[in-house]
Amino acid sequence: MTSPSETPAERAADLQDERLVRTEGLRGAVLAFRQRVRGGDLGSLPVIIGLVVICVIFQILNPNFLSANNLVNLTLQCAAVGTISIGIVLVLLLGQIDLSVGSVSGLAAAILGVGLTQLKWPVALAVIVALVVGAAIGYLYGLLFTRFGVPSFVITLAGLLAFLGLQLKVLGPNGSINLPYDSWIVQFAQATFLPPWAAYALAVIAAAALFLSDYSRSRRRRKAGLSTGALSVMLLKAVLLLILLLLAVSYLATDRGLGAMFLLFVVLVVVMNYFLTRTKWGRSVFAVGGSVEAARRAGIRVNRVYISVFILTSTFAALGGLLASARLTSASLSSGGGDTNLNAIAAAVIGGTSLFGGRGSAWSALLGILVIQSISSGLTLLNLDSSIRYMITGAVLLLAVIIDSLSRRSRASHGQA
Amino acid sequence: MTMESAVADTEGATREPVLSLKGVSKGFGAVRALTDINLDIYPGEVVAIVGDNGAGKSTLVKILAGVHPQDSGTIMFDGQVVSIPTPTASRALGIATVFQDLALCDNLDVVSNLFLGREIRNGLSLDEEEMEQRAWSLLRQLSAKIPSVRIAVASLSGGQRQTVAIARSLIGEPSVVILDEPTAALGVAQTAEVLNLVERLRERGLGVLLISHNMADVQAVADRVVVLRLGRNNGDFHVADVSYEEIISAITGATDNVVTRRASAHAGSASAAAAAADASGTGTVESGITEDFRTHETPAPGTEENPQS
């Protein structure tokens, strides 16, 4: 791939070592990808394969599964628990856990319900109060964790019970409150869909943004004397994304289209991905998840990182609770109960965020919740009982954790753990 | 105490020490870990601190790194009296400490580890290109053999990890680098790599404080050896004019000690063994013990084999 006459000085600063296997262009990108997968760095590959398998199986069993109507419902069902799952990704990256996200989301739903109906608050106020309560709960967890060193497992298990109790207290004796259907949050969650032209424009903007970000990075790298990716790979990535998004949007448009709530969820994922990968804060989250002591010695204020992540996790949980109750137009005793907690945690893990800390991505919330909701929706279409649904979701979670452990072992045997 | 030479004083006339400790003491409860320690480090000089376990080497490192402040005595940095209450203060002064366990994040790549806690930013975003470029120029200056700075630190060898840890200490442009047992867990080639690195730090005009148990490393790379014994200064030598035996005797506190006896026993020369035996009674007792072991050991395998046959 290299012309033999090229002297080391002409090469980019990061490619001068003679031991490096040099990969260039499209073929190089494919080779590098295969190398990574063999080395145990599976990334999102198992989830995407799993998602395809799930879709094929359910489509064979019930031809309605991939209908536009069902897919639109699927996206809407994803948004609430997926939002909670973003927070779980953050806390898992630190190697910690938050078991109380279900209760916190239920509490937020109760605050919204009581605020709107009994206290006659405007929607914005109820939403803000619910989010602030969520943030305060996370701050409390962070303080307990950093001051007393109690394991987050125990703190949040206590929170699971305590905030379930608070949720019941807030709801009062009725136990169930119907949200006014004409409030904007209910309208947003249930009836707001992007007009087709806006959805198409968004798809084009997303693909263009991907290309521009890749291209400007490659220009900055060239300026810094570093190697750059091939233009063909960048173009191919952007075009593939564009085709995929346009297909999805046009198919969804045959039914109601792209739901605003799902769009909000995806935007949150993209924003969190930016913060995790491109900012100092995100770098310190990964560092603390990898080695707390190393992070502390490097001058990172470890306690602040913990507290900020616990706050974000609880706030995302509260937001997820608001979206869920708005979608169901009710806040009740069962808001945030049942399998909300486990689905949110399972989604993060199935999506590829390691339970052992320091490895994962915000995208795993999106991929994982798509898997879980596809299974749930497929089984509902087959008229299967929730008992079977639970068992199958449990099996998939187990499979995801096994894949995580196996890829960890594979990384270790390839010297990259 | 007895062997403090005037080495440092003659040099002090021409140059100012970058780091200077005068009468530093530190106690932990009833234990006097350090008593009246004096130490000067000049720019472009490698000072090795040697001493037995419990001699106070780690305590000294921790005082300089800001882990524990000293109880009494003064620390001068660039001629100014300073206090080092926290690790951040130590780093702000320009003292970079590389601890024995390196404290790298295995899941992050080399660039992220080098700039951890000191990321270069471009507004809100990290300036990855600038960091990668600086990482390469720093690693080149150290002639570090790291194939790619975008691979996780977990996949590097012990010597490469040590290199990354040392390179990281240089990011803050320190004037003194403290290396705690940098070659302890390394193979022959990696040790040589790290020693080359230490020499390159000296060429850059940094003061280097090297804590080591390995006399071969100390003699290979250090300019001066400071011996600690039971928390006190017990010698300050120019490496060029001191023998291995002299350093060992300063570490153990006597010319006749378990190390020299062992050396003479291994040499197998009758005269040396006789001299050791003459010097103290313990020598003969020890050799008697080893003979006892030999006589006991020979029948032992036989008794074990008997029941099997």
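Two strands count as paired where DSSP finds at least two bridges between them, strands (E, at least two residues) and helices (H or I, at least four) being DSSP runs numbered from the N terminus. The model is predicted: local features need pLDDT of at least 70 and side-chain atom pairs count only at pLDDT 80 or more, while totals for chains, interfaces and linings use all residues. Residues are numbered from 1 along each chain as its sequence is written, and chains are lettered from A and ligands numbered from 1 in the order in which they are written.

**View 1. An open sheet of 6 strands in chain B.** The strand order is 6-9-10-3-11-12, with mixed pairing. Strand 6 (95-98) and strand 12 (232-238) of chain B each have a single partner strand, so one side of each lacks a neighbour in the sheet. From one strand to the next the twist averages 20° (angles run from 0 to 180 degrees between N-to-C directions, with axes fitted as lines to C-alpha atoms, for helices over the stretch in contact).

**View 2. The pairing of strand 6 with strand 9 (residues 176-180) in chain B.** These strands run in the parallel sense over 4 bridges. B:Ile95 lies opposite B:Val176 of strand 9. Helix 6 (residues 158-170) of chain B packs on the sheet and touches both strands, its direction making about 165° with that of strand 6; contact requires C-beta atoms, placed from the backbone, within 7 Å.

**View 3. The contact between chain B and chain A.** Chain B contributes 26 residues and chain A 30 residues. On the side of chain B that touches chain A, helix 5 (128-141) and strand 8 (125-126) of chain B are the elements giving two or more residues. Helix 5 of chain B gives the most, with 5 residues.

Definitions and conventions
Two residues are in contact if their C-beta atoms, placed from the backbone, lie within 7 Å.
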